[in-house]
Amino acid sequence: MNKLQYGYAGKILWINLTSGEIRHEKLPEELKRSYLGQSGVNAKLLYDLTDAATDPLGPDNPLIIGVGPLGGTLAPCSGRYTVTALSPLTGIFGDSNSGGHFGPELKYAGYDHLVITGKAPEPVYIWINDDTVKIKSAALLWGKTTWETEREIKLQLGQDTAQVASIGPAGENLVKFAAIINNLCRAAARTGMGAVMGSKNLKAIAVKGTRGITVKDPDKFLKTVHKCEEDILNDPMYEVSSTLGTTAITGLAQMLGFLPTKNFQLSAFEEAESLRGEILLQKYATKHKGCFNCAVSCSRFYKVTEGEYAGTVGEGPEYESISALASKCGNSNLPSVLKANTLCNQLGLDTISTGNVIAWAMECFEKGIIKTSDLDGESLNWGNHQMINKVIDLIAHRRGIGDLLAEGSYHAATKIGGLDFVIHSKGMDYPAVDVRGTKGMALSFAVSPRGGDHLKGLPLYEVAPEIYKDDIKEELGIEITPEYWKEYSSKAKMMIWHENWHCIVDSLGLCKLEGIALKPLKPKHFRDLLAAGTGLDMTIEELELIGERIWNLERLIGIRTRGINRQHDLPPRRLMEEPIANGPNKGERLSAEDYNKMLDEYYQRRGWSMETGYPTLETLKRLGIENERN
């Protein structure tokens, strides 16, 4: 066995839906050494398979699914997989990450990556059962929800334990922020990967694997795993993470004044108390839930037993979903948020972009851009939770006003107006942080290679500095100050570190909640897990260089497809020009002068042109990707 076969399955599965060709290919050693796996290798494959003329909704746009070398192993929180393609929402680099159990199952079937090209003449789904791979008719599944689809496929195959990733009506109707859903409620949601799947007439992918994974040094690997678990359990954020999950952020965001409210017009929500994670836990949660091999189990099942939303069941929701479907829309009705979350999972929608486009539409209604005549006589006023759920269904089926909103807020605004209050970067909506009060996140969201984004460089070091001040000093040499999040200085250095290591965590196949985000695991953990698991023995500096290489390649994809440049790295107008109107950060805004100085430092540290934001040839040579320069 090749020494780098350890940890990896060792194969790429290629499926051309136009011709029906199915082939296996050995995962090249150079890809492992240069990009590790999962999101890193996905990005390299996408770069090689696309060009400036590739239509994100055309048959030539590949849908690439990757699982990292630690995916499906005993490494803590190793249940992630990444879906990559050109994004229908933004036209640039698109990828999305999901948990649950689908990723490890693909690995157990013998594949690190699945590359799907072409377009099937009729609706189909793919059935992968170890070496047996079939393209099967999905004619009777088209139009069904993701929940119905998963149930029907398992019945058809007689495989209760198969893992299924599918699209709902939103993906079929090419909603530009459609999601891919596995395990009913785990979503590869951002950037519209579900629409790419729908454009290929691909309803679902079902996987059953019976192969195991061999690690290089089982004893050392197990010792490293135990050390990682110990550090996770001893992390100061462990108890709240395992009890409340990301819903704990709702109260924190309100307290620190970065909870987006009414489409970012406000940064604190007067009814936020009704949305706190503690309320969800006490009144609606029925059982905690974790993804594959998770030491935290941050999610939970919920059930609504009373009121107009009685009978609603599901999993989650995450803080991002609560913010998007509640405070951003001025909605304090938590049961309605649970209903909306379930609808998004069933219909196959990204809750962040869904909530953002509805919040934008509510402001358009408030300002007279959208009228009751556009809504069949209904009103889309702030807090109208019944209409929120109605509009979700309209979006997924592209009916009425939903056809416009299915384009996403940026594209919708270019058609009817209201562009000044679209909160986005590169065409993708911002997540649940008002970055006027968190200056490093402002930089991180704006420069992300996939658009308005928190998960490519989530810097929780910035908003919880007191908890991690020793880690910040150890890893970055930065001494924190009171209200550190409001400062511009040192943020470029901090963001680059987070971005590089997020690329590594994603490429290894681990969850960000434990890896880098809340920070119980550090670069030394990743180095040790990789070495013992695969035999790929690298220094921390060599690993970070791989992260930097991946980040720059993702940037190059945006430059090639849409000419991404410095102007695209600026925050939206509202956050630059309008001070925060309420809450603890009242009066804060992003200073154009200070932000541009921070961006200058970021470019300088990245080795990018100050004028264009393009990586210089010297930088690309240092990273070994000079041949990728356009």
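Because the model is predicted, local features need pLDDT of at least 70 and side-chain atom pairs count only at pLDDT 80 or more, while totals for chains, interfaces and linings use all residues. Residues are numbered from 1 along each chain as its sequence is written, and side-chain values use heavy atoms, with hydrogens and water left out.

**The helix pair**

Select residues 38-49, helix α2, together with residues 491-508, helix α20; they pack at an angle of about 95°, with their axes 5 Å apart. Helices here are DSSP runs of H or I with at least four residues, strands are runs of E with at least two, and both are numbered from the N terminus. Axes are lines fitted to C-alpha atoms, for helices over the stretch in contact, and angles run from 0 to 180 degrees between N-to-C directions. The angle makes α2 roughly perpendicular to α20, a term that covers 65 to 115 degrees, whereas under 35 counts as roughly parallel, over 145 as roughly antiparallel and the rest as oblique. Now show the side chains of Q38, S39 and G40 on α2 and of C503, D506 and S507 on α20, which make the contact, where contact means heavy atoms within 4.5 Å. These residues divide into one nonpolar, four polar and one charged; Ala, Val, Leu, Ile, Met, Phe, Trp, Tyr, Cys and Pro count as nonpolar, Asp, Glu, Lys and Arg as charged, and the others, Gly among them, as polar.

**The second largest pocket**

A pocket is an open set of points on a 1 Å grid over the protein atoms alone, where a 1.4 Å probe fits, with protein on both sides within 12 Å along at least five of seven lines, and lining residues have an atom within 4 Å of a point. Centre the view on I496, W497, N500, E544 and E548, which lie nearest the centre of this pocket among its 14 lining residues. The largest share of the lining, five residues, comes from α22, and the lining as a whole divides into five nonpolar, one polar and eight charged residues.

**Buried residues**

Next select A361 in helix α13 (residues 351-366), which counts as buried at 0% relative accessibility; buried means under 20% relative accessible area, exposed over 50%, and partly exposed in between, with a 1.4 Å probe and protein chains only. Leaving aside neighbours within four places in sequence, A361 is in contact with I370, L380 and L405. Move to S409 in helix α16 (residues 409-416), which is buried at 4% and touches V357, W360, V422 and D429, not counting residues up to four places away in sequence.

**Backbone geometry**

Most residues other than glycine have a negative phi, and most peptide bonds are trans. Select T191, in the loop between β11 (186-188) and α6 (193-199), where phi is positive at about 75° and the residue is buried, with a relative accessible area of 0%. N293, in the loop between β13 (285-289) and β14 (299-303), also has a positive phi, near 50°, but is partly exposed at 28%. Finish at the peptide bond from G316 to P317, which is cis with omega near -15°; P317 lies in the loop between β15 (313-315) and α11 (319-325).
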